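Visitor: Please take one part of this model and go through it closely. Give the cut-off for each term where it comes up.

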Amino acid sequence: MKKTTEKRIFIFVCTTPALLLLTLFMIVPTIEVFRMSLYKWGGFSNNQVFVGLNNFKILWNDMNFIRSLQNSILLIVVVTLITIVLAILFSTLLTRENVKGGNFFRVIFYIPNILSIVVIAGIFSAIYDPTSGLLNNFLSVFNIESLQKMWLGDQKIAIYSISGALVWQAVGYYMVMYMSSMANIPESFYEASSLEGAGRITQFFSITLPLIWNNIRTTLTFFIVSTINLSFLLVQAMTGGGPDGSTEVFLSYMYKQAYTNSSYGYGMAIGVVIFLFSFALSAIINQITKREVLEY
Amino acid sequence: MKKKALLAGTIALLSIVLMACQDKDNAEVSSNGGETTKVKQTLHVAALESAYGKDMWSKIIDEYQTENPDVKVELTADKNLEDVISPNMKAGNYPDVILLATGRKLALTENLIKDKALEDITDVLDKNVYGEDVTIKDKLIPGFTDTLATNPFNDGKTYLAPMFYSPTGLFYNANLLKEKGWEVPTTWDEMWALGDKAKADGISLFTYPTTGYFDAFVYSLLLEVGGPDFYNKAMSYEDGIWETPEATKMFEIIGKLGKYTEPTTVANANDKDFKKNQQLILDNKALFMPNGTWIVGEMADAPRADGFEWGMTALPAIETGGDRYAFTFFEQIWVPSAAKNKDAAKDFLTFVYSDKASSIFAEAGAVQPIKGNSEKLTGDNKLFYSIYDNGAKAGMGGFAATDAVEGVSIADTLFRSIDSIVSGDKTVKEWQKNVEKVSDQLRPALK
Amino acid sequence: MKKQKKMSVEKLYRLFIYVALLTLAITIIIPVAWVFIASIKEKSEFYTSPWDMPKGFYFQNFIDAFEKANMGTYMLNSIMVTALAILILLVVALPAAYVLARYTFKGSKILNTLFKAGLFINVNYIVVPIFLMLLDADMVIRGRFGDGFLLDNLFVLALVYASTALPFTIYLLSSYFQTLPSTYEEAAWVDGAGYFKTMYKIMIPMARPSIVAVILFNFLSFWNEYIIALTLIPGPNKTLPVGLMNLMAAQKSATNYGQMYAGMVLVMLPTLILYILVQKKLTQGMALGGSKE
């Protein structure tokens, strides 16, 4: 009896501060976002008008919003796919193959992840510049000027240029993550399958991939959240959503509406949609990727 | 061992932070206490630190304080003024006088206009200039207080006073044209002819820093195609105005100009890289760009072609003998309704137009629309400000104020789309249709 | 014959491995190194090919960035906020993560879900409500005491950092706690240790690898963060990334790329040095977060 009281006190003391901070600085503000999405408010005056779901109705017909939605989805898909493929490829190479200087590569690959997004934006502006940029000058050194592009100027390419920076930033992080989970796979599995004559590719698909599957699933959620987040920070610092809205993403459009178009409530409605969208997408992906968990 | 050191470090830091916080609180309490004991009135002036620099404001404040020993002026001057003052404004701490123009990216001034949060200063214009026997109205160049930029609700009441003005137009390398023996085009037909000639020499006719610079350009062009009456109708979103033959002409000219635009322009037409576009003029890679007089100071440190010499011209006329316009921007100074010291603020407004103040501003290159001011200028500035002496007409004032309409922005639709026109991602027809649609959406929201 | 073919395939494969690894390494090293090189270039050198080496060591860029842009003060601010935020985070998150990982009690499921849900809350769109909330509180405080102190306060900034990092940190720590065998706790209880003592003396020290990981990750994210700092600190007490943004904005009207790159180096350098020193721990730490759910 005494033990259970003590236990209760212990649990209470340990969880309350965390719960308080979480409530105060994350849950309440999130509820505020939801609440303000039902109002029309300029942001400065005290003149808040309740408009119900009107902001969401407007969203539905706002082509600029639809475009930022498309851009965001495109980024999530492209960045996730490319990053996962590259990260798995390189983590397999570094764990399974006896590579000279493996540690060196691991250290280098992780560097972009520790840089501030402000710095990354600066770096990629220097890379993508049409005349004095590293990329176009590099191409001209090898005499393949035909590949030179207006990386941030061509509306068909700009969003992919942004995704290039995001992939660059993310590959090392996920690679290290997959490496650590691959390192836990017992070597005996591979030895056994080697004796059965399985090649690298077979081994990869029958051992490595199934055993790190759960890890990959977890990272998919990270991908959704971090792509929405980082694409905004990067776009703000690099293109401001231009040219003509072709790199506008969810959050940059939300900021634009809330601040420069003095439609704070409308901005929050966009926030709500982003929140629900990322939640739903994660849930769906979680469902689709469900496999029987293989234990080792 | 390492861990302990880390812990000790964090604790040391923690105590520093706590001390710092305490210091700050103490300081604030004492300063509050100080204010109540003194009779001094505090006037809070906030000014955007633009290309003219911050010093001129310090000088103005010093001068004003010498004249008014019982007024203590606090100055906030910052390049990102909005970032500094708007959090404080949300917190209820409004500056008493703010110099911040409309047309800024964060649109703080517009937001306050939309909220009707500016003080009516019509009466200030009829007051005498500080220490002088002439009213402000009589001292200003006529026309500057009759525009939507000063009277945003078009009701004859002035809410924003005109400060530093700056003619805009097409900027070019005068020396390059001289060397090549090319004339500065006076009509658009001459412009296209010059474009083809320049192309043969590997020079593009046109570039622009960002699409934001098209505001003055489009306004001038609207005035050229339709005259002032048409212009005001367009600025107040009259139904169908963007589908008239005049407007169509305007859209088509810009569409054609897009074909003569330097190819890397769009890629650099953002707030981070726009200087690379301006550099194209200095490097003789493009002939003309829309810009304002601040360009000279802004690019002062940049390398340039031998013999480079700034030139500025009004927009070419639609036809020979037609009107040519050069739009003029001016920064506005205004008093927020929520200011605590409105009378002191209005007093300060009369001071900024005094001879003393205007010569301090002029030293820094900031020119107020005061009669006779342009004659005192020297160098490039004399050339720029005398543009109106050479037959060009001055355009002024932008779009009428509206309530915020969710997801709708005339600036985005009218100017930002030009990137797509140049790159070919949108047709001129689509652009025109979108502008009319947005105009339709904004009309009911007019104040 | 067959064997030979296999051999050459093997060789080709080895070649492919190194080409792939080197390509990725180069795309990372070159841009980063380029920023360092650009930071010592003189103004005129920015108008030639970007691949040209600098003519000399133009250190003035750094002096300008440091003196004109106040980067020294900003750096000190960043150090304070980061250290404080990590301290708060550990004090709050460790007990919570431990309890959530090792105990089932009434509401434990809800709590777990709540913290997991927190992973989905994107800091970028709750910044403004947080700001407005602090502002309202400041108004109330001002009414009572004459002056508000929640905004422009580095301690509050640190608290917000710590709070927004809670979901991920608790997730990471509790995943680690889950892997620890329960025999240690049982042994401690048999010895008569209470719950608190068990946690504090036995379990938390055992979680050291994950704690190190938490410190490292959060150091990087707090150090590099700029949206929250920009919003909650309107005054001059800025943090380093916000300072860099300012520096970049200032360069827009001065055409001085050298200073801008010098500023970038100032922001990058501390994280790079720290990373080189502890990279092993950092990447090891990731094993804790990702793999074991």
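Guide: Helices here are DSSP runs of H or I with at least four residues, strands are runs of E with at least two, and both are numbered from the N terminus. This is a predicted model, in which local features need pLDDT of at least 70, side-chain atom pairs count only at pLDDT 80 or more, and totals for chains, interfaces and linings use all residues. Residues are numbered from 1 along each chain as its sequence is written, chains are lettered from A and ligands numbered from 1 in the order in which they are written, and side-chain values use heavy atoms, with hydrogens and water left out.

An unreviewed UniProt entry annotates residues 69-285 of chain A as "domain: ABC transmembrane type-1". UniProt positions are given in the numbering used here, feature names are shortened, and annotations may be inferred rather than shown by experiment. The entry also marks "transmembrane region" in chain A, including residues 73-95, 157-176 and 263-285. Residues 73-95 of chain A are 100% helix and 0% strand, with end C-alpha atoms 32 Å apart.

Helix H11 (residues 264-288) of chain A packs against helix H2 (residues 54-61) of chain A at about 75°, with axes 9 Å apart. Axes are lines fitted to C-alpha atoms, for helices over the stretch in contact, and angles run from 0 to 180 degrees between N-to-C directions. H2(A) is therefore roughly perpendicular to H11(A), a label for 65 to 115 degrees; under 35 counts as roughly parallel, over 145 as roughly antiparallel and the rest as oblique. Among the residues that meet are Phe56(A) and Leu59(A) from H2(A), and Tyr266(A) and Val273(A) from H11(A). Contact means heavy atoms within 4.5 Å. The residues of this contact divide into 8 nonpolar, 2 polar and no charged. Ala, Val, Leu, Ile, Met, Phe, Trp, Tyr, Cys and Pro count as nonpolar, Asp, Glu, Lys and Arg as charged, and the others, Gly among them, as polar.

Chain A also meets chain C, with 86 residues from chain A and 86 residues from chain C in the contact. About 7900 Å² is buried between them, 77% of it from carbon and sulfur atoms. Buried area is the accessible area (1.4 Å probe) that two parts lose on being put together, summed over both.
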